[in-house]
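Please consult the sequence and the structure shown here while reading.

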Amino acid sequence: MKLSVVIPAYNEQDSLPQTLQTLYASLSKHNIPHEIWVTNDNSKDNTLEVLNNLSKEIPTLVYETNLGPNGFGYAVRYGLERFSGDCVAVFMADLSDDPEDLVKFYKKMLEGNYDAVFGSRWGKGGKVYDYPTVKKVVNRLANFIIRMVMGIKYNDTTNAFKLYKRETMEGLKPFLSPHFNLTVELPLKTIVRGYSYAVVPNSWTNRKFGESKLKIKEMGSRYFFILMYCFIEKFFSRGDYRKKS
């Protein structure tokens with residue numbers, strides 16, 4: 001099963017070398033057939049030049065520039081429309097996600113033939129390092145609200161780091177979210193539409209370079225919109241969008 005790893009990158013010239021080299025080393029060590037797909041989200045720094053140089057040492061690296069519209073969700077969606085693998089993971093350019101966790105996701109999917117594998121930083125075995133206090137409080141509150149509204153047990157919906165089969169990803173279209181709310185849209189649609197999934201503990205480490213692109217003040221209403229959409233689909237769509245057996 002070929003794995004595609006979609007990585008959105010906006011002004012990540014300092015983070016990408018370590019992220020891509022570490023990711024390639026882990027996937028190669030475990031003999032996982034893969035491609036690393038990077039969407040350069042119209043970066044204003046030397047991200048494109050860095051990718052060009054890295055492509056000379058990482059044979060599985062594929063990259064394109066998304067000229068617009070831009071934003072986290074658009075950058076991820078750009079890769080999700082173009083990847084070539086049998087399954088696809090969303091992975092952060094700042095190495096906040098651990099490549100060895102991705103290996104665990106991949107093996108779990110094969111082991112149980114799951115339609116998706118979700119990470120959880122907050123359950124048993126999950127870890128976070130240098131997580132900003134304000135961001136943590138907002139994260140836990142948002143995930144609590146999502147759990148209560150949707151009636152689910154999964155406790156890390158806002159975590160972008162997840163793995164989906166190609167068929168699952170096709171079944172989640174059309175995508176609605178242009179920003180970070182895509183991280184909520186994908187797993188909630190997976191659950192609401194009846195796709196099978198497993199939850200695997202994973203770790204998260206704060207970035208060493210640059211600054212986070214997530215602006216909490218701007219995202220509240222966007223997260224709420226997607227939550228309400230998925231709530232309406234769950235209770236009022238009469239199963240029209242559910243996985244076809």
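## A pair within helix 4

Glu-111 and Lys-108 form a salt bridge through their side chains, at 3.6 Å from N to O; the term denotes a side-chain nitrogen of Lys or Arg within 4 Å of a carboxyl oxygen of Asp or Glu. Both residues belong to helix 4, where they stand three residues apart, about one turn of the helix. Helices (H or I, at least four residues) and strands (E, at least two) are DSSP runs, numbered from the N terminus.

Glu-111 is exposed at 64% relative accessibility, while Lys-108 is partly exposed at 26%. Buried means under 20% relative accessible area, exposed over 50%, and partly exposed in between (1.4 Å probe, protein chains only).

## Basis of the model

The model is predicted: local features need pLDDT of at least 70, side-chain atom pairs count only at pLDDT 80 or more, and totals for chains, interfaces and linings use all residues. Residues are numbered from 1 along each chain as its sequence is written, and side-chain values use heavy atoms, with hydrogens and water left out.

## Pairs between distant parts

A salt bridge also joins the side chains of Lys-29 and Glu-100 (3.4 Å, N to O). Lys-29 lies in helix 1 (residues 16–29) and Glu-100 in helix 4 (residues 99–112), so the pair ties together parts 71 residues apart in sequence. Lys-29 is exposed, at 57%, and Glu-100 partly exposed, at 28%.

Asp-156 and Arg-121 meet in a salt bridge at 2.8 Å, N to O. Asp-156 lies in the loop between helix 5 (133–150) and strand 7 (162–165), and Arg-121 in the loop between strand 5 (116–120) and strand 6 (127–129), 35 residues apart. Both Asp-156 and Arg-121 are buried.

## Network and total

Salt bridges link Glu-81, Glu-170 and Lys-173 in a network. The count of salt bridges comes to 10.
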